[in-house]
Amino acid sequence: MTRETLTQIYELLYEAFGSQHWWPGETPFEIVIGAILTQNTSWANVNKAITHLKSASLLTPEGLYRIDASELAGLIRPAGYYNLKTKRLKSFIDWLFDNYDGQLTNLESVATDRLRSELLAIKGVGRETADSILLYALGRPVFVVDTYTARIMSRHGLIEPDADYEQLRDLFESNLPEDIKLYNEFHALLVRAGNKFCKPKARCPGCPLETHPHTLDVEHF
DNA sequence: GACCAGGCACATC
DNA sequence: GATGTGCATGGT
């Protein structure tokens, strides 16, 4: 695994799909909420939930802090796991108010490593959610790993099938320039490609990475 | 109906 | 540390 390989994968994906314009949210706070709602859930469903929150003028820290849990659950219902995600949204909001006066801008002065630790301590915020918040909402140079990243890299024989999250993150961060725009686009492209070609069981006909000999592997399919 | 979706916490071994 | 399970709606 080399820098060149990662760069070539990026270029192939960019050529195939173009700019993904991530994150699909208008404000840092909306991105945070979307990051929690999209856990193991399609973005189309999350978008419905976010639309409900916007319509109710509740897509603010204060709004979500004050709203009754059962009401919130009703609004985010289309996103699935709505009782669970209600607790997760509330735990994030409580953390934000308890420690940062309910304002995302107060996170700006906190070092990235410390912020990542604090986010991971919130119940309902795991590594992908924390890193998505750091990169897409807060503009920190953290590479976001997800199931597609692992599946695509594994099926192309580029990592061990049992590689864990931190190994994957380190692979990308160690072999790519520390470039927020690149991290942003690369993760988005991996999600796009995975969504289209790299399902858990289905074969991957037409996968753009097939055209790259170094990433071809019999285990791809 | 089967399969899948931009995970996570928790129980159990 | 590894593995299994519950959580849930909605699109293909």
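Residues are numbered from 1 along each chain as its sequence is written, and chains are lettered from A and ligands numbered from 1 in the order in which they are written. Because the model is predicted, local features need pLDDT of at least 70 and side-chain atom pairs count only at pLDDT 80 or more, whereas totals for chains, interfaces and linings use all residues.

**View 1. The contact between domain 1 and domain 2.** Seven residues from domain 1 and six residues from domain 2 form the contact; two residues are in contact if their C-beta atoms, placed from the backbone, lie within 7 Å. On the side of domain 1 that touches domain 2, helix α11 (residues 180–197) gives the most, with three residues. Helices are DSSP runs (H or I, at least four residues), numbered from the N terminus. This side of domain 1 comprises five nonpolar residues, one polar and one charged. Ala, Val, Leu, Ile, Met, Phe, Trp, Tyr, Cys and Pro count as nonpolar, Asp, Glu, Lys and Arg as charged, and the others, Gly among them, as polar.

**View 2. The surface near DNA strand B.** The surface divides into 10 nonpolar, 12 polar and six charged residues.

**View 3. The largest nonpolar core.** Val-32 and Ala-49 touch the most other members of this 50-residue core. A nonpolar core is a set of buried Ala, Val, Leu, Ile, Met, Phe, Trp, Tyr and Cys residues joined through C-beta atoms within 7 Å; buried means that 20 or more other C-beta atoms lie within 10 Å of a residue's own, all placed from the backbone. The largest share, eight residues, comes from α11, and at least three residues are drawn from each of domain 1 and domain 2. Not counting residues up to four places away in sequence, Ala-49 touches Leu-37, Leu-75, Ile-76, Pro-78 and Ala-79.

Methods: Helix = DSSP H or I, 4+ residues; strand = E, 2+ residues; numbered from the N terminus. Buried ≥ 20, exposed ≤ 12 C-beta atoms within 10 Å, placed from the backbone. Domains from an automatic or database assignment.
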